[in-house]
Amino acid sequence: MRFGTFRALWIATLASYFGAVIQTVGAAWQMTTLGVSADWVAFVQAASLAPIVLFALASGALADIGDRRIIMLLAQAFGAIVSLTLVGVAVLGAVTPINLLGFTLLIGCAAALAQPAWQAAVGDLVDRKSLPAAIALNALSYNAARSLGPAIGGAIVAAIGAVGAFAVNAVSYFGLILVLLNWRPPPRSERLPPEPIGRAIASGLRYAALSPPLLALYVRGALFGICASSVLALLPLVARDRLGGGPMTYGLLLGGFGVGSMAAALLTAHARQLMPAHQLVGVCSVIYALVTAIVALSPALGLSIAALSVAGGAWILVLATIGTCIQMSCPRWVVGRCVSLGQVASIGGLSIGSVLWGVVAAHAGVQTSLLASAAALVASLAFAFVFRIIDADDADWTAAPYPVPPPAAAVKGNAGPIIVTIEYRVRRESAPDFLRAIHEVGRVRRRDGARRWSVSQDLDDPEIWRERYQSPTWTEHLRRVSRVTAADKIIRDSILRFHDGEAPVVIRMLERPPGAEPLGED
């Protein structure tokens, strides 16, 4: 918090997060009062989260290649306009199930555009030593809003109706807009032109697909979201049908969830010191499943509130742990896209689960739906043996690119493909270990943008091994080299200990199709 710009943006973003959650609570209760079935009520949460699944990857790419301040400003302005329009419609009494879902969806679009830019900007606002703490604070603000916001929203709805919740959300945008207007981020020192949006999205997908730690986090986040979403999605129906209450009962239930979540959010860092991330996620998932079953069976308001407070704590610890691990498992050049994919996974799971458990509740009852989701959450832990969460707090993602000597022949940025071959001499007794190491290097190169990577062994001299890969253009070749981090360099340098002799021979070539002009020709 000693970084002034981060502090101002964090406070303003916290208010915006609260506004968004309060709006969702108001929309959920408004839908309940319109006399629709259980699945329509669950659709409200799905509509608020679905845009993150649909647009977050593009937003994450924009956050990595574009002006994050401008992106956040546009998102907040759009959200404010849509929210003010919803307030007007609600005041006129013209809210219908269809247009309520439509407004909720549009507000979700604003959040989908803003969140990756804000999360990616954290690394620009604090020094590297403070980055883990800033990431934890950022996760705390989001999860605190999702924890306490429903309780506040329930109280607002109980006092002045859903229109009050809609108005609070509309006002919440303006503080962040003012802070963003006064923020002057330093210019980004990019020596290469930004990636086109399509290629940037593909780069993010490729990076994630070739990063086993990230894939494990995404799978576990999605599974937890699918199975755990039943509680918040069906809570209005628990308040009304199971406990026979109204908005005040709903607010009290949300308050229990929020108090537990906030308490756990403050202890997230301490909890991660007590046990590794994979163990923390597993324990909290079991606890969440048990208290979900208690909520399903409880006939008493006090017991339900107590159970929900425990559920809220487990909820926050799981999501905050996964979110922090994602940010600590990738370098800054791709952080927006990695975070976005994490949102697609976990919030996509929440959206799918909201619809799934809403449909189950509509056909088999709320109690059956909650019990089924609890059983599914316990069963999902079987995936922990395959998709193990790995702590990456000590990984060094500092940029450490290799020097690129200028080519003897002038090469334009769009010239390509560029083909690189590296020749190693490896003693026969070291060949098996070398082969395992070179394939790990190949994974890192392909993850950073190398194409058609391969390794081959000379038939006439078996001690000669050649690594070969290419980039579509000279600019992309330079971009790939610039992405090397200190952690990557350790992996890439691991094969040098197998090389016998001077430095490996590196040859760079430009592919020449028929009719192309030779290099060096005027």
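Modeller: What follows is a set of questions about the words used for this predicted model, each answered by setting a value against its cut-off.

Biologist: Let us begin with helix 1 and helix 4, and ask what makes helix 1 roughly antiparallel to helix 4.

Modeller: The axes of helix 1, residues 4–33, and helix 4, residues 97–125, come within 11 Å and cross at roughly 160 degrees. Angles over 145 degrees count as roughly antiparallel, and therefore helix 1 is described as roughly antiparallel to helix 4. The crossing of helix 1 past helix 4 is left-handed.

Biologist: Which residues of helix 1 and helix 4 meet?

Modeller: On the side of helix 1 they include Phe6, Leu9, Trp10 and Tyr17, and on the side of helix 4 they include Leu100, Ile107, Trp118 and Val122. Sorted by class, the residues of this contact between helix 1 and helix 4 give 13 nonpolar, 6 polar and no charged.

Biologist: Why is the aromatic pair of phenylalanine 6 and tryptophan 118 called stacked?

Modeller: The structure holds 9 aromatic pairs. In the one formed by phenylalanine 6 and tryptophan 118, the distance is 6.0 Å centre to centre, with 20 degrees between the planes. Because phenylalanine 6 lies in helix 1 and tryptophan 118 in helix 4, the pair ties together parts that are 112 residues apart in sequence.

Biologist: How do you know whether phenylalanine 6 is buried or exposed?

Modeller: The relative accessible area of phenylalanine 6 is 1%, and buried means under 20%, so phenylalanine 6 is buried. Tryptophan 118 also has a relative accessible area of 1%, and is therefore buried.

Biologist: And what puts valine 126 into its accessibility class?

Modeller: Valine 126 lies in the loop between helix 4 and helix 5, and its relative accessibility is 10%. With the limit for buried set at under 20%, valine 126 counts as buried. Leaving aside neighbours within four places in sequence, valine 126 is in contact with Phe3, Phe6, Leu131 and Ala134.

Biologist: Helix 4 also packs with helix 3, so how is their arrangement named?

Modeller: Helix 3, residues 68–91, and helix 4 pack at an angle of about 155 degrees, with their axes 9 Å apart. Since the threshold for roughly antiparallel is over 145 degrees, helix 3 is roughly antiparallel to helix 4. Their crossing is left-handed, and the contact of helix 3 with helix 4 has 19 nonpolar, 5 polar and 2 charged residues.

Biologist: What makes helix 8 and helix 12 roughly parallel?

Modeller: The axes of helix 8, residues 212–228, and helix 12, residues 277–297, come within 11 Å and cross at roughly 10 degrees. Angles under 35 degrees count as roughly parallel, and therefore helix 8 is roughly parallel to helix 12. Arg220, Phe224 and Ala228 in helix 8 meet Val281, Gly282, Ser285 and Tyr288 in helix 12, and by class these residues divide into 4 nonpolar, 2 polar and 1 charged. Phe224 and Tyr288 also belong to one aromatic cluster with Phe257 and Trp315.

Biologist: Why is proline 276 called partly exposed?

Modeller: Proline 276, in the loop between helix 11 and helix 12, has a relative accessible area of 32%. Buried means under 20% and exposed means over 50%, with partly exposed in between, so the value for proline 276 makes it partly exposed. The C-alpha atoms of proline 276 and isoleucine 390 are separated by 8.1 Å, although these residues are 114 residues apart along the chain.

Biologist: How do you know that serine 298 is buried?

Modeller: Serine 298, in the loop between helix 12 and helix 13, has 1% relative accessibility and so counts as buried. Not counting residues up to four places away in sequence, serine 298 touches Arg242, Leu243, Leu303 and Ser304.

Biologist: Finally, what makes arginine 452 exposed?

Modeller: Arginine 452, placed in strand 2, has 65% relative accessibility, and exposed means over 50%, so arginine 452 counts as exposed. Arginine 452 also has a positive phi of about 50 degrees although it is not a glycine.

Notes
Residues are numbered from 1 along each chain as its sequence is written. This is a predicted model: local features need pLDDT of at least 70, side-chain atom pairs count only at pLDDT 80 or more; totals for chains, interfaces and linings use all residues. Side-chain values use heavy atoms; hydrogens and water are left out. Axes are lines fitted to C-alpha atoms, for helices over the stretch in contact, and angles run from 0 to 180 degrees between N-to-C directions. Helices (H or I, at least four residues) and strands (E, at least two) are DSSP runs, numbered from the N terminus. Angles under 35 degrees count as roughly parallel, over 145 as roughly antiparallel, 65 to 115 as roughly perpendicular and the rest as oblique. A crossing is left-handed if the near helix is turned anticlockwise from the far one by less than a right angle, and right-handed if clockwise. Contact means heavy atoms within 4.5 Å. Ala, Val, Leu, Ile, Met, Phe, Trp, Tyr, Cys and Pro count as nonpolar, Asp, Glu, Lys and Arg as charged, and the others, Gly among them, as polar. Rings of Phe, Tyr and Trp (its six-membered ring) pair if their centres lie within 6.5 Å; planes under 30 degrees apart count as stacked, over 60 as edge-to-face and the rest as tilted. Buried means under 20% relative accessible area, exposed over 50%, partly exposed in between (1.4 Å probe, protein chains only).
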